[in-house]
Amino acid sequence: MSENPVDWPQYLREFHTATPGSTEALLSRAVAGDHTPYRWLVRAVSGEARRVLDLACGNGPVARELYGRWVVGVDNNAAQLENAPGPKVQADALHLPFANEVFDVVTCSMGLMVLQPLPEVLAEAARVLRRGGVLAAIVPAVRPLRRGDIRTLSGLTTRLRSTPQFPAGGEITELKDQLKHAGFDVMESQRERYVYMIHSRDDATRLVNALYLPGTPDARRDTAVAWLADRAESKDGLEVAIPIRRITAMRTKVALATS
């Protein structure tokens with residue numbers, strides 16, 4: 001752990017401005033059965049939902065999965081939004097430029113672990129959702145993993161001398177309680193193991209470039225990329241597991257007052 005606290009707003013701004021779409025480039029190639037994490041997320045969106053807000057939308061992978069539906073993307077980074085499809089707004093998740101109760105669904109793909117402070121973000125999402133509306137989100141998880149997955153991930157972090165970090169931590173263990181406090185009833189919390197296949201150095205670079213690694217020198221990133229690429233070549237392909245958690249919650253009441 002670094003002795004100096006991470007300036008997360010600055011780090012995220014610089015990261016996504018320098019490498020817009022890096023998360024989407026990785027996860028759109030990660031699969032479990034017949035679906036990517038984005039396709040899994042949109043399966044939680046009812047066919048009757050007419051107005052969808054995609055929070056921290058990045059370059060719009062959720063809107064692409066919901067092609068033909070009315071989806072408004074919101075992100076605070078202009079570089080990320082540049083290639084997002086459909087209507088899109090550059091805005092802070094803490095101050096959404098929408099009236100109360102105007103959306104049927106709010107989606108958030110891999111954003112809740114970076115949007116801070118999370119209780120206020122969830123309260124704002126509840127504000128723009130109609131009563132009975134649904135928040136559907138995916139976040140990183142720590143399981144499920146297989147024994148071989150742990151060896152690969154341990155080898156990767158050994159070469160990076162770091163682990164991926166997020167402002168809210170990894171799996172956000174308090175997420176259910178925070179959703180309840182914001183006026184939601186949690187309907188589902190599931191986990192799935194996705195697999196990203198590495199066959200080449202480009203594949204390995206795509207993985208490492210998508211990781212939040214504040215303070216990690218480029219030399220360590222290069223070492224990790226080379227190790228992944230070498231293992232992939234020796235094994236005729238290397239599986240890297242990406243555990244994901246999907247959580248869906250219904251907005252049932254006004255958020256509780258914060259102290």
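**Close-up views of a predicted model**

**View 1. Asp 104 belongs to strand 4.** Helices (H or I, at least four residues) and strands (E, at least two) are DSSP runs, numbered from the N terminus. This is a predicted model, in which local features need pLDDT of at least 70, side-chain atom pairs count only at pLDDT 80 or more, and totals for chains, interfaces and linings use all residues. Residues are numbered from 1 along each chain as its sequence is written, and side-chain values use heavy atoms, with hydrogens and water left out. Asp 104 counts as buried because its relative accessibility is 6% (buried is under 20% relative accessible area, exposed over 50%, partly exposed in between; 1.4 Å probe, protein chains only). At 2.9 Å, the Asp 104 side chain reaches the backbone nitrogen of Arg 50.

**View 2. Strand 5 (residues 129-140) pairs with strand 4 and with strand 7.** Strands pair if DSSP finds at least two bridges between them. Strand 4 (residues 103-109) runs parallel to strand 5, with six bridges, and Thr 107 stands opposite Ala 136 of strand 5. From strand 4 the chain passes through helix 6 (residues 118-128) to strand 5 in a right-handed β-α-β crossover (with the strands pointing away from the viewer, the path from the first strand over the helix to the second runs clockwise). Strand 7 (residues 238-251) is antiparallel to strand 5, with seven bridges; Ile 138 has Arg 246 in strand 7 as its bridge partner. Nine of the twelve residues of strand 5 are buried.

**View 3. Two peptide bonds to proline are cis.** Between Gln 116 and Pro 117, omega is near -10°; Pro 117 lies in the loop between strand 4 and helix 6. Between Arg 143 and Pro 144, omega is about 5°, and Pro 144 is in the loop between strand 5 and helix 7 (147-160). Most residues other than glycine have a negative phi, and most peptide bonds are trans.

**View 4. Ala 56 has a positive phi, near 55°, and so does Glu 101, also near 55°.** Ala 56 is in the loop between strand 1 (51-55) and helix 4 (61-65). Glu 101 is in the loop between strand 3 (88-90) and strand 4. Glu 101 counts as partly exposed because its relative accessibility is 39%.

Definitions and conventions
Polar contact = N/O pair within 3.5 Å; in protein donor to acceptor, adjacent residues only side chain to side chain.
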